[in-house]
Amino acid sequence: MSPLDEAKLRQSLSKYQNPDTTKKHVMKVLSLYKGLQYSVEPFVFNDGSHKELLNLQGTIPVSYKGSYYNIPICIWLMDTHPNNAPMCYVTPTADMNIKVSMFVDHNGKIYLPYLHDWLPHSSDLISLIQIMIVTFGEQPPVYAKPRQGTQTSSTPYPVQPSFMPVPGSGSHMPGSTYPPYPQNSQYTSGSNVYPPFMPQPGFPYQGSYGSYGGSASNYPPQSCTGSFPYPPSTQPSPTVPVTAGASGTITEEHIRASLLSAVEDKLRRRLKEQFSQLSAELETLRRTQQELTSGSTHLTDLFDKLKKEKAELEKNITILQDKEAELEKEIAKLSDNQSIDVDEAVTTIAPLYKQMLNAFAEEAATEDAIYYLGEALRCGIIDLDAFLKQVRQLSRRQFMLRALMQRCRQKAGLAG
């Protein structure tokens, strides 16, 4: 990737939370898988909201039964990447159909354990694509649509669609961004001058893409047959062995056996397809049931918690109403009493407490008297001799009052 492309990619990731890590993952993928390209497009979520997200779309090489095929995919990176797993889809062209399985639903969304167990600090896009390659090599996510009017050479029945990808004729559609498929030995003729395809070990394989200028570098452009690299395959016609001594002429018995065999194969393929589709739908329904059960349990817990909080809140409201009524009652009593006797405002329950209260009040008054004598001396109202005489008497009285209060506290058992 050139510095200009890196700057453009960095600018595209300006709204991402981890632009450096995301840029590193994307550059590593683009350097290894030349069939993928990045773009920034709006992604519409299920709730109708949309957001500008970066996606990697194109093809990845998948090995199936000894041949390599280009599977079209699209990987959307969340703006929180790599904290959240990307959203992956199979994007079939007009000549393809999605094969529903436990890994791909009817909308093309990809479900993998690696995505379910995505770890922000250890999972990356390279490992994700490699797991896709291995998984799709065992269960291809797409198959080719049947060509209209195509018939086998031995029976008048139209060719049924192959539910597994099969090698094509090596043709490449002009203007397509996907490279052509390598030719398989069973489809090459004796006049083919190109060397047979030799896949490199590991993923992705080197040297099979070249520059994406409309054709692969290893394979010259050929005439367009009007089909994508997943053409439908034809099942070989069943043959009935000629018994010893027979003349080799095809009889009605041979035709009948051939037709029965063809119908049997056709029914077997349809049953297998129906079984796979129903199994995938059943797995989806089971997964949905688990999610609904989990959601129901969570809602039940929330309802129980809300009921408890409601009961506690009603209890607190009752307590506050009682306190409010009590306060209003006390306020009414105070409003009725026009005058309050200061001497009767504070009452004691025992003579000892009354003696301590009186001593405290007299001690406080004595302290105030000493203060005002000091102010009178400062203002020149009394002389120094009179001030010292009065202060000496008041201080002696204050000392006795404090000693009395301490004695009363000891008798009453009060702290300190």
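Phe 45 counts as partly exposed, at 22% relative accessibility (buried means under 20% relative accessible area, exposed over 50%, partly exposed in between, with a 1.4 Å probe and protein chains only). Phe 43 counts as buried because its relative accessibility is 10%. The model is predicted: local features need pLDDT of at least 70, side-chain atom pairs count only at pLDDT 80 or more, and totals for chains, interfaces and linings use all residues. Residues are numbered from 1 along each chain as its sequence is written, and side-chain values use heavy atoms, leaving out hydrogens and water.

**Aromatic rings**

- Rings of Phe, Tyr and Trp (its six-membered ring) pair if their centres lie within 6.5 Å; planes under 30 degrees apart count as stacked, over 60 as edge-to-face and the rest as tilted.
- The count by this rule is five aromatic pairs.
- One of them joins Phe 43 and Phe 45 edge-to-face, at 5.0 Å centre to centre with 75° between the planes.
- Phe 43 and Phe 45 form one aromatic cluster with Trp 76.

**A charge over a ring**

- The charged end of Arg 287 sits over the ring of Tyr 111, 4.9 Å from its centre (the rule asks for NZ of Lys or CZ of Arg within 6 Å of the ring centre and within 35 degrees of the ring normal).

**Helix H6**

- Helices (H or I, at least four residues) are DSSP runs, numbered from the N terminus.
- Buried residues of H6 include Met 356, Glu 363 and Leu 373.
- Gly 380 follows H6 and has a positive phi, near 85°.

Conventions:
Helices (H or I, at least four residues) and strands (E, at least two) are DSSP runs, numbered from the N terminus.
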